[in-house]
Amino acid sequence: DAGMIPKEWFFFFDHAGTVRDCLAGRSSWLSIGGHVHAACWTEDLTWMFFDPLGARTRVAITHKHDDVALLLGSKINLARVTYRIRPLDREVAWPGLRPHLHCVTQCAAFLGLRAYTPRGFERMLLQNGAEIVDEKAQV
């Protein structure tokens, strides 16, 4: 169904956790390299929010305006930087399987890209025409 094909993707890059935050229990050790999650919308304005969190992946699908506003707003508000990009007409390059299936590889695969680090994925997004929707100042 063409109505269910993503029309636009959003990628949210969170601040990397520090060793001090991890030792204090305020951050996960998995967050030291940073974290990325995604959202997209379709022609019929259904939204999908995707957050691969280590042992559990969270997916939310909604078409309710209030839910979208709340979820999208909170993700943009918490992210270090948010990118918006139209889908790329690509298939995931060979090999289709990735040895390290983590948040970056999963989100990059939505666009048919192969990325292994948040910084590398950000570069790929910009090289492919992504627009920065929101960016927080470095602290």
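Colleague: What makes the approach of threonine 46 to aspartate 44 a polar contact?

Modeller: In this predicted model, the side chains of threonine 46 and aspartate 44 come to 2.9 Å. The cut-off for a pair of N or O atoms is 3.5 Å, so this pair counts as a polar contact.

Colleague: And is threonine 46 buried or exposed, and how do you know?

Modeller: Its relative accessible area is 14%. Buried means under 20%, so threonine 46 is buried. Threonine 46 sits in the loop between E2 and E3. Leaving aside neighbours within four places in sequence, threonine 46 is in contact with Met4, Cys40, Trp41, Ile61, Thr62 and His63.

Colleague: What about leucine 45: buried or exposed?

Modeller: Leucine 45 is in the loop between strand E2 (35–42) and strand E3 (47–53) too, but its relative accessibility is 52%. The line for exposed is drawn at over 50%, so leucine 45 counts as exposed. Its phi is near 65°, a positive value in a residue other than glycine.

Colleague: On to charges. Why is the pair of arginine 84 and glutamate 8 called a salt bridge?

Modeller: The N to O distance is 3.8 Å. The rule asks for within 4 Å, so the pair qualifies. Arginine 84 is in strand E5 and glutamate 8 in strand E1, 76 residues apart.

Colleague: How do you know which of those two is buried and which is partly exposed?

Modeller: Glutamate 8 has 12% relative accessibility, and buried means under 20%, so glutamate 8 is buried. Arginine 84 has 25%, which lies between the 20% and 50% limits, so arginine 84 is partly exposed.

Colleague: What makes Glu8, Arg84 and Glu131 a network?

Modeller: Arginine 84 also forms a salt bridge with glutamate 131, with the closest N and O atoms 2.9 Å apart. Glutamate 131 lies in strand E6 (residues 131–135) and arginine 84 in strand E5, so this pair ties together parts 47 residues apart in sequence. Arginine 84 pairs with glutamate 8 and with glutamate 131, and salt bridges link Glu8, Arg84 and Glu131 in a network.

Colleague: What about aspartate 51 and lysine 75: why does that pair count as a salt bridge?

Modeller: Their N to O distance is given as 4.0 Å, and the rule takes pairs within 4 Å, so they count. Aspartate 51 is in strand E3 and lysine 75 in helix H2 (residues 65–78), so the pair joins parts 24 residues apart in sequence. Both aspartate 51 and lysine 75 are buried. The count comes to seven salt bridges.

Colleague: Which residues have the most contacts inside the largest nonpolar core?

Modeller: Phe11, Phe121 and Leu125, in a core of 22 residues. H3 gives the most to this core, with four residues. Among the residues that phenylalanine 11 touches are Val36, Tyr83, Cys107, Phe121 and Leu125. In H4, Phe121 and Leu125 are among the buried residues, and the buried residues of H4 pack against E1, E2, E5 and H3.

Colleague: Last one: where is valine 19, and why is it called partly exposed?

Modeller: Valine 19 is in helix H1 (residues 19–23). Its relative accessible area is 47%, between the 20% and 50% limits, so "partly exposed" is the label. Valine 19 makes a nonpolar surface patch of about 280 Å² with Leu23 and Ile32.

Methods:
Residues are numbered from 1 along each chain as its sequence is written. This is a predicted model: local features need pLDDT of at least 70, side-chain atom pairs count only at pLDDT 80 or more; totals for chains, interfaces and linings use all residues. Side-chain values use heavy atoms; hydrogens and water are left out. Patches are made of residues with over 30% relative accessible area and no salt bridge: like charges are joined within 9 Å, nonpolar side chains (Val, Leu, Ile, Met, Phe, Trp, Tyr) within 5 Å. Accessible areas come from the Shrake-Rupley method with a 1.4 Å probe; for residues, only the protein chains shown count as cover. A salt bridge is a side-chain nitrogen of Lys or Arg within 4 Å of a carboxyl oxygen of Asp or Glu. Helices (H or I, at least four residues) and strands (E, at least two) are DSSP runs, numbered from the N terminus. Buried means under 20% relative accessible area, exposed over 50%, partly exposed in between (1.4 Å probe, protein chains only). A polar contact is a pair of N or O atoms within 3.5 Å; within protein, one must be able to donate a hydrogen and the other to accept it, and residues adjacent in sequence count only if both atoms are side-chain atoms. Contact means heavy atoms within 4.5 Å. A nonpolar core is a set of buried Ala, Val, Leu, Ile, Met, Phe, Trp, Tyr and Cys residues joined through side-chain atoms within 4.5 Å.
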